[in-house]
Amino acid sequence: MLLLSTFVNAQDLLRYVQPMSGTAPSTTGAALKHSEAGSEKNANTIPAVGLPFSMTQWTPQTQTTENKCVPPYFYKDSLLSGFRGTHWLSGSCTQDYGSFTIMPVSGKLKTAVKDYATPFTHHNERSSPAYYKLDLPDKHLSTEITATARCGIMQFTSTKTDSLYLLIMPNSDQGKGFVEIDAEKGVVWGYNPVHRIYQGRGEPAGFKGWFYIKIEKAFIHKGTFSGAELFTANRIINQKDAGAYIGFKMKKGEQLHIRIGTSFSSLEGAILNLESEIGTKSFTDVLTSAKKIWEESLSKITVQTKNERDKRIFYTAMYHSMQHPRLYSDVDKTYPAFASNDKLEKMAEGDYYDDFSMWDIYRAQLPLIEILKPDLVNAFVRSLIGKGKQGGWLPIFPCWNSYTAAMIGDHVTAFIASAYAKGIRQYNTEDAYQLMRKNAFNVADANEYKNGMGRRALPSYLKYGFIPMQDSVPEAFHKKEQVSRTLEYAFDDYALSVVAKGMNKTDDYKKLHQRSFNYENVFDKSVGMVRGRYENGEWSESFDPDKREAYITEGTPRQYTFYVPHNVPGLAKLMGGTKAFEHSLDQLFFKNEYWHGNEPGHQIPFMYNFTSSPWKTQKVVRSILSEEYSDGPGGLSGNDDAGQMSAWYIFAAIGFYPVNPVSTAYQLSSPLFDKVTMQLPADKKWEIICHKKSASALYISKIYLNGKLYDKNFITYQQIMQGGKLEIWLQEQPGTFGNKVSSRP
């Protein structure tokens, strides 16, 4: 894969980003062993062009559907079917929605995908976060794309005098959508209605993906189509494989530019966004601005190393960790109200965001943003509070601006609690608390529950202190998984207890604090692991520590046993003490049962910091960095899940990780790089400098913080955000650093 060498120089960080990484199935050992299906082996990223956290990404398209688990682009595919304005959740197994595709067709007009899909090679692709180019020599055509936060611009170049047609298609698998041509104004506009999946599957989501396209050259042909059938009408609505076409005569070397505005609110919003963000700017102007924004974003963390491969993996991870949550509001702050029917709202402060893959990103991706861009975190929390107030309940996994109840847990609560605990509080904390409390204590009525509101299986959890096997959690996409739900609710209860304590909600704090110990209720001491349990307290007969069980989410009992991030010493006590806990960790890794390709175990490698052998964290983390990440198309070990897999790499590579993302502590490990510099708010810097005895040195021998000896194996959010210098000395053999009880969190 070639990068955009024309536009970069040796100092640019953009040149290290490889957007193709994750577009092919994973080739790592853990993924091949533990992934249950093909969808888990795919990182499901796309070579997206856009800005960080932007509304619409732009990608080449090799798959025409918006269906679940099918990204618009697969590296293995050989046929191009257009260039898509996409709302695909990067690295996910969800759906695209409200998207549209533009396909250039040279020569004779073709409108059926089987006829216009054209072969392409990766050799003719150039891809970066700010730019994509594809040469189609057989078609005597090249396409280039760059973008702003809400808009895109495409540049088509003919290398032969010939006809050129543009097909413009809303990508609705339901045969919905609308396109209209206005030849007099030189525009094409339309929409693709959004529908829900998970709870409310198939129902309208109450808003549309709007697009408004300005074409700079007068077109001499126009019409609409449904598959291969052509119409002379200027508009078409709700037909299968529908779209509009416009045609031009192009001279050799001639370029055609189209400018595209998008919006989730309205046609007027798309027009306003286009006028505000692009207007009459040239392709080069937009590209230059996009490059600058990406350079500024990537340079929030600079790393020094002689290993260019590690830089490529690192800055590709930075790119992937900055795709979502998704900007939803227009330039005038208008956005579609949450879980509503074509109702519009306007933000009083900041922008509105959605597509929170919350089961994944509360672990590391959002904590990374808490350090690098705390103001953006405030906008995220304000958006989540707005959703709760508009819909009546705080959502669990808000995507496509709807309730979904996808996955398990209640981790919007965990994220807001994390922001609160770190002093990120530019929002109405009382509103936030009341919404989180409602999720934790109130049971949704039948209609609300079916619509995705409220915690799944909350009555059972409140009654027994765990979710028993008899409760199969039928009203959910992920059914059963009772043990995993119990563990994650216990963490969420802990998270809310932190806020309750901080806001002097004493009675709530006591109840929630007690509930945070509910993980104990699904821990079977006779096997030393978590296990399914019945209402009468008896344990499930079905138990294999290293095979998937129905009461575990996407994993095994052994893997999920370690999901007690808020009370690692308490978990160790259940196992029989710190030595027994360390032995259990050893067994997980010795048996090769650690699965990095899925999120529930991401904290596990850093848990040795709670034992007398923190050097094992340093060894295991370095092994994962080496074996589970690469810079090829198959370089991620599972679904990237909106940047969580990538954020893990970023934290691990720079030497610390939030085992408990709500707390203010980060567990230290040995950095991969010689020097790391984090640019923080208020012009502060956090530096990490490694002194290595040799290139192979990876074990910590001593640490100095701001020139003073430091004996803890963790650092805090406050220490980082104040700025300073952490110097770490590394040696070839394990040492005694951090092995005292006083050094542990």
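Biologist: Which residues of strand β19 are on its covered face?

Modeller: Keep in mind that this is a predicted model. Strand β19 covers residues 301-304, and T302 and Q304 make up its uncovered face. That leaves the covered face to I301 and V303.

Biologist: Which strands stand at the edges of the open sheet with β19 in it?

Modeller: Let's read along the sheet, which is open, has mixed pairing and goes β19-β28-β29-β33-β30-β31. An edge strand has a single partner, so one of its sides is left without a neighbour in the sheet. Here that applies to β19 and β31.

Biologist: And what is the average twist from one strand to the next there?

Modeller: We're still on the six-strand order that starts with β19 and ends with β31. Going from one strand to the next, the twist averages 20°.

Biologist: How are helices α6 and α20 set against each other: parallel, perpendicular or oblique?

Modeller: Helix α6 is residues 308-320 and helix α20 is residues 644-654, and their axes lie 8 Å apart at an angle of about 130°. Roughly perpendicular stops at 115 degrees and roughly antiparallel starts over 145. The angle falls between those cut-offs, so α6 is, relative to α20, oblique.

Biologist: Is the crossing of α6 and α20 left-handed or right-handed, and how many nonpolar residues does the contact have?

Modeller: The crossing is left-handed. From α6, the residues taking part are D310, I313, F314, A317, M318 and H320, and they meet S646, Y649, I650, A653 and I654 of α20. Sorted by class, this contact has 1 charged and 2 polar residues, and the nonpolar count is 8.

Biologist: What about α8 and α20: at what angle do they pack?

Modeller: Their axes are 8 Å apart. The angle is about 55°.

Biologist: Which residues of α20 does α8 meet?

Modeller: On the α8 side, the contact uses Q365, P367, L368 and I371. By class, the residues of this contact are 6 nonpolar and 2 polar, with no charged ones. The α20 residues are Q644, A647, I650 and F651.

Biologist: How many of the residues of helix α10 are buried?

Modeller: Helix α10 is residues 411-421, and it is largely enclosed by the rest of the structure. Its buried residues include H411, F415 and Y420, and the buried ones pack against α7, α8, α9, α11 and α14. Of the 11 residues in α10, the number buried is 10.

Biologist: Which residue just after α10 takes a positive phi?

Modeller: Look just past the end of α10. The phi there is about 80°, and the residue is G423.

Biologist: Which are the edge strands of the open sheet made of 7 strands?

Modeller: That sheet is antiparallel and runs β1-β3-β4-β10-β17-β14-β15. Each edge strand pairs on one side only, and the two are β1 (57-61) and β15 (229-231).

Biologist: Which residue in β15 stands opposite S226?

Modeller: Strand β14, residues 221-226, runs antiparallel to β15, and 3 bridges join them. S226 stands opposite E229.

Biologist: Is R84 buried or exposed?

Modeller: R84 sits in strand β3, residues 82-86. Its relative accessible area is 0%. Buried means under 20%, so R84 counts as buried.

Biologist: How many Å apart in space are R84 and Y73?

Modeller: Along the sequence, R84 and Y73 are 11 residues apart. Going from C-alpha to C-alpha, the distance in space is 9.6 Å.

Biologist: Last one: leaving aside its neighbours within four places in sequence, which residues is R235 in contact with?

Modeller: R235 is in strand β16, residues 235-237. V188 is 47 residues away from R235 in sequence and 9.6 Å away in space, C-alpha to C-alpha. Contact takes heavy atoms within 4.5 Å, and the residues in contact with R235 beyond those neighbours are F178, V179, E180 and T224.

Terms used:
Residues are numbered from 1 along each chain as its sequence is written. This is a predicted model: local features need pLDDT of at least 70, side-chain atom pairs count only at pLDDT 80 or more; totals for chains, interfaces and linings use all residues. Side-chain values use heavy atoms; hydrogens and water are left out. Buried means under 20% relative accessible area, exposed over 50%, partly exposed in between (1.4 Å probe, protein chains only). Helices (H or I, at least four residues) and strands (E, at least two) are DSSP runs, numbered from the N terminus. Two strands pair if DSSP finds at least two bridges between them. Axes are lines fitted to C-alpha atoms, for helices over the stretch in contact, and angles run from 0 to 180 degrees between N-to-C directions. Angles under 35 degrees count as roughly parallel, over 145 as roughly antiparallel, 65 to 115 as roughly perpendicular and the rest as oblique. A crossing is left-handed if the near helix is turned anticlockwise from the far one by less than a right angle, and right-handed if clockwise. Ala, Val, Leu, Ile, Met, Phe, Trp, Tyr, Cys and Pro count as nonpolar, Asp, Glu, Lys and Arg as charged, and the others, Gly among them, as polar.
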